[in-house]
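I am opening a notebook on this structure and will write down what I looked up, entry by entry.

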Amino acid sequence: MSWNKKHLLDIESLTADEIVTVLDTARAFKAVGERAIKKVPALRGKTVVNLFIEPSTRTRISFELAAQRLTADIVNFSAEASSFKKGETLKDTAKNLEALNADFIVIRHSASGAPHFLSRVVNASIINAGDGAHEHPTQALLDAFTIREHKEKIAGLNVTILGDILYSRVARSNIWALTKLGARVTLCGPSTLVPKTFEQMGCRVTHNVDEAIRDADIIHLLRIQHERQRKTMFPSIGEYTNLFGLNKARLAKTKPDALIMHPGPINRGVEIDSEIADCSRSLILEQVTNGLAVRMAVLFLLNGGKGPQEVSGN
Amino acid sequence: MPNVQRESAPPGGVVRDFFMPESNVILDASAIGRALTRIAHEIAERNENFAEVVLVGIPEGGVPLAQRLGKILAEIWKHAVPTGSLDVSMHRDDLDRRAAPKIHPTVMPFDVNGKTVVLVDDVLFSGRTIRAALDALNDFGRPKKIQLAVLIDRGHRDLPIKADFVGKNVPTAANEKIHVRLGEKDEVVLEKNNGRKNTQDAQRN
């Protein structure tokens, strides 16, 4: 048990011990979600702002519900309906939110490093909910939580991340988290989207999908992020599906207990066959459930030490 | 540990490390056993409707105590006593004043509605843990009654909370520490402060 961080900006700067602390804490919050009364007063009186400068449903709703279940007040702020459109800078927006006594700012931004920037200009705790192609720490934490729930431990597992790695913050955060926890990570996808440079992060890189998933305990699929690609990275969606899509035939050649994950939103029939997305080996909806518990745990841990410090006795 | 070491016992001529606080064993294994047996009999005496009684330990110290009390009560009543554990960290009133606490498992394998819940903790001090426990218990339903059993009552209450069943009342100074150790060797130790302040200590009781 160790946690003394004020912000959650990335996985890269977390220790394995800190990651495990989040996962252990999340287990307790998952249990709260299974009670008749799913709310606890841990963040009573605190204010959480969802500052989403890039579209999101899953993550925003997950943080919103997490804050509500902790009895915090939550304000949603989206780029479309804000002064961003009127030319206000990110810093000024954040300063305004701070003037309203926001205790936590959950930020999603298309620019890598935006959360780090905010953490230097405001006093609130900053939680990175996805910054460009850099990191999406709570996604990696909920993925690690889900894997640990099913496989009991992460050390020694073979995890294959398949798809658009180059533009994926989910991939980067997952690589950091999984390698810190001792998993062997294999990356696979078209060579334009899975460059060999990722080997520097301690992963194996291959462009042969059957070989990549043959010994995998976890097959983690990623969506093709058309919105981030500035040029055509592969000839066609149809070809991508043929070469890298997960279908029944490919799945038959994997370990029988290999499990399938996807951070969503899924594109049925592109990176994953529709029936596989819904099969018993798919953890996709469990990831969503666990995301809520993990985000409650993150808010709970970051809340520690935010108030006036007091020395307690025995 | 054959005998209870008296609180007033001298350090025994042992040259102590300067930084080593002075510690006295105030309850040994057999004294803890006797205290729990007496508490169990008091619980039995107070609660004639034994089928309604459930024991809920507060982690960490209260959980093994609740289990031990459950065993003794089962012998007295010839009836199994449901036992659970209730983590109170999410209901504490000091969560933003220090590092986030470790959360222990909550296991409530029964419906508390209409039951007499006996909360069990190792040390009663400020009373804030019990306040949090009352709130946490409220999330699981509406017990008919809630009673409190503690192994040690060391005084210094911040809140109007009183235990129904007490193993031993131990007068302490606010900056002393009580360690309840249950396991291979059961003992309760009072750690004197030796004039230094426990500024680093964030231990809960």
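**Entry 1: two helices of chain B.** I began with how α1(B) passes α2(B), and in this predicted model the crossing is right-handed. Helix α1(B) covers residues 29–46 and helix α2(B) covers residues 62–77; their axes come within 9 Å and cross at roughly 55 degrees. I therefore noted the two helices, α1(B) and α2(B), as oblique to each other.

I then listed the residues that make this contact. From α1(B) they are Leu36(B), Thr37(B), Ile39(B), Ala40(B), His41(B), Ile43(B) and Ala44(B), while α2(B) contributes Arg68(B), Leu69(B), Ile72(B), Leu73(B), Ile76(B) and Trp77(B). Sorted by class, the residues in the contact of α1(B) with α2(B) are 10 nonpolar, two polar and one charged.

**Entry 2: α2(B) by itself.** I looked up the length of α2(B): its 16 residues reach 22 Å from the first C-alpha to the last, close to the 22 Å expected at 1.5 Å a residue. Which residues of α2(B) are buried? I found Gly62(B), Val63(B), Leu65(B), Ala66(B), Arg68(B), Leu69(B), Gly70(B) and Leu73(B). What do these buried residues of α2(B) pack against? Their partners in chain B are α1, β2 (53–57), β3 (83–85), β4 (116–124) and β5 (145–153).

**Entry 3: what lies on either side of α2(B).** After α2(B) comes Lys78(B), placed in the loop between α2 and β3 of chain B. Lys78(B) is not a glycine, yet its phi is positive, at about 55 degrees. Is Lys78(B) buried or exposed? I recorded Lys78(B) as exposed, because 7 other C-beta atoms lie within 10 Å. In the loop between β2 and α2 of chain B I found Glu60(B), which is joined to Pro59(B) by a cis peptide bond with omega about -5 degrees. I kept both entries because most residues other than glycine have a negative phi, and most peptide bonds are trans.

**Entry 4: chain B as a whole.** Stepping back, I counted three helices and eight strands in chain B, and from the N terminus on they run in the order β-α-β-α-β-β-α-β-β-β-β. Chain B has 205 residues, of which 40% count as buried. Among the contacts in chain B with a separation of 6 or more, 68% are between residues 24 or more positions apart.

**Entry 5: a helix pair in chain A.** The crossing of α5(A) and α11(A) is right-handed. On the α5(A) side I listed Thr138(A), Leu141(A), Leu142(A), Asp143(A), Phe145(A) and Thr146(A), which meet Glu286(A), Gln287(A), Asn290(A), Gly291(A), Val294(A), Arg295(A) and Val298(A) of α11(A). By class, the contact of α5(A) with α11(A) holds five nonpolar, five polar and three charged residues.

**Entry 6: helix α6(A).** Why do I call α6(A) largely enclosed by the rest of the structure? The reason is that 11 of its 12 residues are buried, among them Arg169(A), Arg172(A), Trp176(A) and Lys180(A). The buried residues of α6(A) pack against α1 (16–33), β4 (125–131), α5, β5 (158–162), β6 (184–188) and β8 (218–221) of chain A. Helix α6(A) runs over residues 169–180, and its end C-alpha atoms are 17 Å apart, which agrees with the 16 Å that its 12 residues should span at 1.5 Å a residue. Gly182(A), which follows α6(A), has a positive phi near 95 degrees.

**Entry 7: two loop residues of chain A.** Thr71(A), in the loop between α2 (58–69) and β2 (73–78) of chain A, is a residue other than glycine with a positive phi, near 70 degrees. Because it has 15 C-beta neighbours inside 10 Å, Thr71(A) counts as partly exposed. My last item is Pro265(A), in the loop between β9 (259–261) and α10 (274–277) of chain A; the peptide bond from Gly264(A) to Pro265(A) is cis, with omega near -5 degrees.

Definitions and conventions. Residues numbered from 1 in each chain as written. Chains lettered and ligands numbered in written order. Predicted model: local features only at pLDDT ≥ 70, side-chain atom pairs only at ≥ 80, totals over all residues. Axes fitted to C-alpha atoms, helices over the stretch in contact; angles between N-to-C directions. Helix = DSSP H or I, 4+ residues; strand = E, 2+ residues; numbered from the N terminus. Parallel < 35°, antiparallel > 145°, perpendicular 65-115°, else oblique. Left-handed = near helix turned anticlockwise from the far one by under 90°. Contact = placed C-beta atoms within 7 Å. Nonpolar A, V, L, I, M, F, W, Y, C, P; charged D, E, K, R; others polar. Expected span 1.5 Å × (residues − 1). Buried ≥ 20, exposed ≤ 12 C-beta atoms within 10 Å, placed from the backbone.
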